[in-house]
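Subject: Structure handover

Hello,

Here is the structure for you to look over. My notes on what turned up follow below it.

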Amino acid sequence: MQSFGLATPGNGLHDVTEQVAEAIAKIVVKEGIVIVSVPHSTAAVTLVSPWDTLGLEDVHDEICRLVPARIDFKHQHDTPQDAAGHVKAAIVGHSRSIILAEGKLMLGHSQRIYFWEFDGPRRRTVQVQVVGT
Amino acid sequence: MSDRSIPLLDHATGLPDMIRGETMRLEGHVRRLIPTPDTYRLRQIILTGCGDSLIGGYSVATALRAWTGLAVQALPAMEASRYLDTPPVQADARGILVLCISNSGEAARVVEAAQRLRAIGALTLAVTNSPASRLAQAAELVIDLSIPPGSTGANARGHAAALMTLWLIGIRIAEVRMRITMEEADARRALIARQADPVERSLAACAAVCAQAADRWSGHRNADLLGSGPCLGAAQFAAAKLVETTGIHASAQDIEEFHHLNYFIDRPAEMPTIVFTATDAAAASRMRELAGTLHDLGRPTLLITDAAADTSSPPNQHLHLQLPTAEEWVLPLLHIAPAIMLAASWAEKAGCTPFRGHAGAWAGAQQGRLVRESFIQSGPQDRDERAT
């Protein structure tokens with residue numbers, strides 16, 4: 001397994017495609033499934049189109065509309081943003097799997113891998129593992 | 001040091017271990033204290049208490065104001081109890097958080113403030129070492145400091161625990177209201193815990209200079225203690241310890257106010273002046289001007305700061321105590337050490353009995369009767385009960 005650190009400047013989508021590709025290059029396996037995972041409960045991983053940055057904002061705005069930070073969450077150990085972040089991360093999921101072929105990520109033309117921060121700014125970790133031959 | 005001074009010094013030497021051991025325990029309590037909806041309702045924070053407890057409020061008010069963005073003020077318990085619930089009462093009094101500070105939880109005026117301000121709907125929180133006290137009963141929320149008690153009235157550990165708790169409450173409010181990030185909040189909490197080492201170094205640095213000051217000044221009957229912002233709280237605490245231990249007239253003053261008021265006190269050579277400051281303090285430029293002013297007056301001075309001594313000053317007139325550098329808001333914790341050490345050394349040299357032994361003319365203060373047994377008014381309506 002490989003991992004890399006990330007200091008998120010705030011909430012939203014942060015492109016980690018290049019860091020994931022660099023992590024894969026250090027792994028001998030060239031054919032299989034790449035799993036990108038985040039060991040956090042208020043962050044997630046997803047694939048989104050990078051071409052219009054306003055589209056990235058739409059994606060983030062929409063999940064905030066669905067799960068706004070409210071002050072009446074039962075989880076009050078941390079902040080309302082943190083409580084909402086748990087819900088958002090649970091909905092989106094903490095990992096994504098991507099096909100690896102000839103040592104390359106099989107991403108589409110309009111796909112990049114994004115770390116999705118729901119409780120930033122924070123120092124985070126992204127884990128990369130390949131299952132295959 | 002004689003037996004008279006030892007309890008006081010025990011309190012000071014126990015500070016580093018207390019800070020190391022208690023910061024995160026107190027943080028665990030503070031974290032669960034105020035429900036999030038109430039935290040979001042806040043518009044104002046009032047810190048109230050008497051004596052050292054009020055000084056604690058003054059010491060942290062600037063930090064809490066900056067962190068929370070709320071209107072924060074420290075008020076004497078008399079003002080909080082008798083001058084806030086007079087009609088017309090503020091409509092959304094629930095937006096007022098009243099931090100009622102009393103180590104014993106039995107100071108009558110603080111109990112009264114909690115009762116009366118809770119009655120008008122304010123959110124009252126007792127910061128006390130006595131969870132079964134009248135104050136704990138009167139307030140809606142309670143944080144039990146659980147610091148082992150020490151000698152009456154000279155409880156440096158209790159004062160430090162109150163400072164730490166009040167800062168932790170401010171950090172928590174700022175964090176929940178998302179004025180600061182969780183990482184920034186955790187960094188400030190860790191900074192409080194890390195003060196154990198600087199406080200230890202401060203204690204070590206204090207002894208010789210405070211003994212020198214006591215040798216020179218123990219014959220004087222007055223002292224001025226000056227500071228601004230958080231350092232005014234430090235000056236107030238030091239003045240309180242001097243009064244308690246030596247019985248001299250020691251008063252604390254903001255450095256700007258000094259230029260308007262105590263500057264004019266006659267016989268300046270008989271007025272030791274202790275100044276609390278730091279190189280990066282917001283008031284640093286005025287402090288530099290003050291140093292010249294004190295020199296021109298001919299006042300004997302002790303400058304307590306993180307800067308190195310100015311070797312151009314005449315050593316016979318001016319004393320200098322260099323303490324570790326720290327962020328300005330945390331200085332009241334560092335300055336407990338010189339306050340205690342100076343008071344203990346002065347009392348030792350002058351042969352004073354702390355609190356005049358609660359004997360003779362001062363017997364009325366035994367068992368805290370003077371402040372515990374004062375009549376508690378339930379509200380403005382029974383104002384004249386004792387007068388009729």
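A salt bridge here means a side-chain nitrogen of Lys or Arg within 4 Å of a carboxyl oxygen of Asp or Glu. By that rule, B:Arg20 and B:Asp197 form a salt bridge, with 2.9 Å between the closest N and O atoms. Keep in mind that this is a predicted model.

**The two domains of chain B**

Chain B splits into domain 1, residues 6–194, and domain 2, residues 197–354. Domain 1 of chain B gives 27 residues to the contact, and domain 2 of chain B gives 25 residues. The C-alpha centres of these two domains of chain B are 26 Å apart.

How much area is buried between domain 1 and domain 2 of chain B? The figure is about 2,200 Å². Carbon and sulfur atoms give 76% of that area.

Now the polar side of the contact. Between domain 1 and domain 2 of chain B there are three salt bridges. The count of residue pairs in polar contact between these domains of chain B is also given as three, with both residues at pLDDT 80 or more.

Which elements of domain 1 of chain B touch domain 2 of chain B with two or more residues? They are helix 1 (6–13), helix 2 (15–31), helix 4 (52–68), helix 8 (156–176) and helix 9 (182–194) of chain B. Helix 4 of chain B supplies the largest share of that side, seven residues. By class, the side of domain 1 of chain B that touches domain 2 of chain B holds 18 nonpolar residues, five polar and four charged.

**Chain B overall**

Chain B has 16 helices and ten strands. Its C-alpha trace spans about 60 × 55 × 40 Å along the principal axes. A compact globule of 388 residues would have a radius of gyration near 21 Å; chain B has 21 Å, so the two agree.

**Chain A**

Chain A has three helices and eight strands. Along the sequence, the order in chain A is β-β-α-β-β-α-α-β-β-β-β. The C-alpha trace of chain A spans about 50 × 30 × 20 Å along its principal axes.

What radius of gyration does chain A have? The value is 15 Å. For 133 residues, a compact globule would come near 14 Å, so chain A agrees with that expectation.

Best wishes

Technical notes
Residues are numbered from 1 along each chain as its sequence is written. Chains are lettered from A and ligands numbered from 1 in the order in which they are written. This is a predicted model: local features need pLDDT of at least 70, side-chain atom pairs count only at pLDDT 80 or more; totals for chains, interfaces and linings use all residues. Side-chain values use heavy atoms; hydrogens and water are left out. Domain bounds come from an automatic or database domain assignment. Contact means heavy atoms within 4.5 Å. Buried area is the accessible area (1.4 Å probe) that two parts lose on being put together, summed over both. A polar contact is a pair of N or O atoms within 3.5 Å; within protein, one must be able to donate a hydrogen and the other to accept it, and residues adjacent in sequence count only if both atoms are side-chain atoms. Helices (H or I, at least four residues) and strands (E, at least two) are DSSP runs, numbered from the N terminus. Ala, Val, Leu, Ile, Met, Phe, Trp, Tyr, Cys and Pro count as nonpolar, Asp, Glu, Lys and Arg as charged, and the others, Gly among them, as polar. The radius of gyration is taken over C-alpha atoms; the globule rule is 2.2 Å times the number of residues to the power 0.38.
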